[in-house]
Amino acid sequence: MSEKAINLSVFDAFPVIKTHRLTLREILPEDAHAIYEMRSNGMVNRFIARPDMQTLEQSEALVKKTREAYAQKKGIGWAGVLRDAGDIIGTCGFNSLDFENLRAEIGGELSTRYWGREIALEAVEAIVSFGFEELGLHSIEAKVDPQNRGAIRLLEYLGFQKEAHFKDRIHFDGKFTDMAVYGCIRQ
């Protein structure tokens with residue numbers, strides 16, 4: 001009986017994923033401005049314990065960190081690009097990979113101009129499928145603010161189930177907030 005393992009060949013060349021409306025491609029240095037615009041508008045981080053970006057340099061550092069994580073096989077970060085326009089409208093991917101347990105954490109953000117159009121659903125569905133079918137994951141988890149009903153509905157629609165609820169788990173901006181963990185196991 002062979003031991004299961006994450007498919008390392010996905011790190012040979014960056015995996016591009018195409019959906020009906022999106023191309024999910026590598027995050028490039030020139031995407032820093034669009035990422036800065038998303039993360040500095042006050043709405044994208046509403047349910048995420050992180051401050052809004054204050055400078056373009058912060059975005060450039062994030063792009064560099066994301067690209068390094070892929071090069072080091074620690075994560076995969078995609079830029080979501082509209083296929084008919086070419087504009088980056090969000091980022092998503094596996095923030096971390098747990099090789100030993102064939103598990104990854106998924107996360108992402110979408111420009112507020114595209115909220116309510118099921119674009120996030122399209123992207124997350126494609127990434128989850130990639131994680132199970134191409135990467136060889138056994139399970140995928142998402143950490144979410146329990147008040148983020150939109151994200152929770154999306155996760156539940158895709159078959160994620162609540163695995164944990166941590167009280168006062170995150171201290172940010174002078175207060176404690178809860179964190180829920182949702183997971184999906186490969187069928």
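Eight strands form an open sheet with mixed pairing, in the order β1-β2-β3-β4-β5-β6-β8-β7. Two strands count as paired if DSSP finds at least two bridges between them. β1 (17–18) and β7 stand at the edges. Each has a single partner strand, so one side of each is left without a neighbour in the sheet. The model is predicted: local features need pLDDT of at least 70, side-chain atom pairs count only at pLDDT 80 or more, and totals for chains, interfaces and linings use all residues. Residues are numbered from 1 along each chain as its sequence is written, and side-chain values use heavy atoms, with hydrogens and water left out.

The chain holds four helices and eight strands. Along the sequence they follow the pattern β-β-α-α-β-β-β-α-β-α-β-β.

The overall dimensions were computed next. A compact globule of 187 residues would have a radius of gyration near 16 Å, and the chain agrees with its 16 Å. This radius is taken over C-alpha atoms, and the globule rule is 2.2 Å times the number of residues to the power 0.38. The C-alpha trace spans about 50 × 40 × 30 Å along its principal axes. The accessible surface comes to about 10800 Å² (Shrake-Rupley method, 1.4 Å probe). Carbon and sulfur atoms account for 48% of that surface. Of the 187 residues, 44% are buried. Buried means under 20% relative accessible area, exposed over 50%, and partly exposed in between (1.4 Å probe, protein chains only). Contact means heavy atoms within 4.5 Å. Among contacts between residues at least 6 apart in sequence, 61% join residues at least 24 apart.

T23 is buried, at 13% relative accessibility. Beyond its neighbours within four places in sequence, T23 contacts V16, I17, K18, A79, G80, V81 and R83.

At the other end of the strand order, β8 (residues 175–185) pairs with β6 (residues 139–144) in the antiparallel sense, over six bridges. E141 stands opposite G183 in this pair. β8 also pairs with β7 (residues 161–172), again antiparallel, over eight bridges. H171 has F176 of β8 as its bridge partner. Two residues lie between the strands of the β7 and β8 hairpin, where D173 takes a positive phi near 55 degrees.

Two helices were examined against the sheet. Helix α3 (residues 119–133) lies across β1, β2, β3 (76–82), β4 (88–98), β5 (103–110), β6 and β8. It runs at about 30 degrees to β4. Helix α4 (residues 149–157) packs on the sheet and touches β6 and β8. Its direction makes about 165 degrees with that of β6. Axes are lines fitted to C-alpha atoms, for helices over the stretch in contact, and angles run from 0 to 180 degrees between N-to-C directions.

The structure holds zero disulfides (pairs of cysteine sulfur atoms within 2.5 Å). The sulfur of C92 is 16 Å from the closest cysteine sulfur, in C184, which is too far for a bond. C184 is accordingly in no disulfide. Both residues are buried: C92 has 12% relative accessibility, and C184 has a relative accessible area of 9%.
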